[in-house]
Amino acid sequence: MPAGTLYRGREGMWSWVAHRVTGVLIFFFLFAHVLDTALVRVSPEAYDSVIQTYKTPLVNVMEYGLTAAILFHALNGLRVVAVDFWSKGAKYQKQMLWSVVGVWVVLLAASFYHILQHTLRTWFGG
């Protein structure tokens, strides 16, 4: 391992990376959302066109990805708060991370059909 590397590729480093990546993805979504909402004042026809694009299966799959990013970012943020403010947080940070991942997977599985039902019906009928 390189000298000076604190996490050395362990869970803490990957949760740090995932937290930053999901934060950036959420930021870009919010930026695009503000722009497309502002479009309604410039050109209602263009706004309607953008909204039609959002009804495609590809965008629906991206919405599921956004849900995954928001859920991980929120749950991991709670873990970060616990690590920072709980006296035993650093000791149990690895167990808390795996708990976050477990809850995240359960919530994603529970939301899978609800979010993707339109796309699943489009692709597979029903």
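**Entry 1: helix α4**

I started with the buried residues of α4, and they pack against α1 and α3 (57-85). Contact here means heavy atoms within 4.5 Å. This is a predicted model, where local features need pLDDT of at least 70 and side-chain atom pairs count only at pLDDT 80 or more, while totals for chains, interfaces and linings use all residues. Residues are numbered from 1 along each chain as its sequence is written, and side-chain values use heavy atoms, with hydrogens and water left out.

I looked up which residues of α4 are buried: M96, L97, V100, L108, S111, L116 and T119. My cut-offs are under 20% relative accessible area for buried, over 50% for exposed, and partly exposed in between (1.4 Å probe, protein chains only). Helices are DSSP runs (H or I, at least four residues), and strands are too (E, at least two), numbered from the N terminus.

Then I followed α4 along and found a bend of about 70° at Q117. That bend is the angle between axes fitted to the seven residues ending there and the seven starting there. After α4 comes G125, and its phi is positive, near 80°.

**Entry 2: the salt bridge**

How many salt bridges does the structure hold? I got one. I noted the general idea first: side chains of opposite charge can pair when their charged atoms come close. The rule I used asks for a side-chain nitrogen of Lys or Arg within 4 Å of a carboxyl oxygen of Asp or Glu.

K94 and E11 are the partners, at 4.0 Å from N to O. They link distant parts of the chain, since K94 sits in helix α4 (residues 93-124) and E11 in helix α1 (residues 11-42), 83 residues apart. I checked their cover as well: K94 is partly exposed because its relative accessibility is 34%, whereas E11 has 18% and so counts as buried.

**Entry 3: aromatic pairs**

I searched the whole structure and got six aromatic pairs. Rings of Phe, Tyr and Trp (its six-membered ring) pair if their centres lie within 6.5 Å; planes under 30 degrees apart are stacked, over 60 edge-to-face, and the rest tilted.

One of the six is F72 with W104, an edge-to-face pair with 5.9 Å between centres and 80° between planes. F72 belongs to helix α3 and W104 to helix α4, 32 residues apart, so I wrote this down as another link between distant parts of the chain. Is F72 buried or exposed? F72 is buried, because its relative accessible area is 9%. W104 comes out at 23%, so I put it down as partly exposed.

Next I looked at W123 and F124: their ring centres are 6.5 Å apart and their planes at 90°, so they are edge-to-face. Both are exposed, and for W123 the relative accessible area is 52%. W123 is in helix α4. What does W123 touch, leaving aside its neighbours within four places in sequence? I found P57 and V61.

**Entry 4: a patch on the surface**

I also found a nonpolar surface patch made of V24, F27, F28, F31 and L35, with about 520 Å² of accessible area together. Patches take residues with over 30% relative accessible area and no salt bridge; like charges are joined within 9 Å, and nonpolar side chains (Val, Leu, Ile, Met, Phe, Trp, Tyr) within 5 Å. The areas come from the Shrake-Rupley method with a 1.4 Å probe, and for residues only the protein chains shown count as cover.

L35 lies in helix α1 and is partly exposed, at 49%. F27, F28 and F31 form one aromatic cluster.
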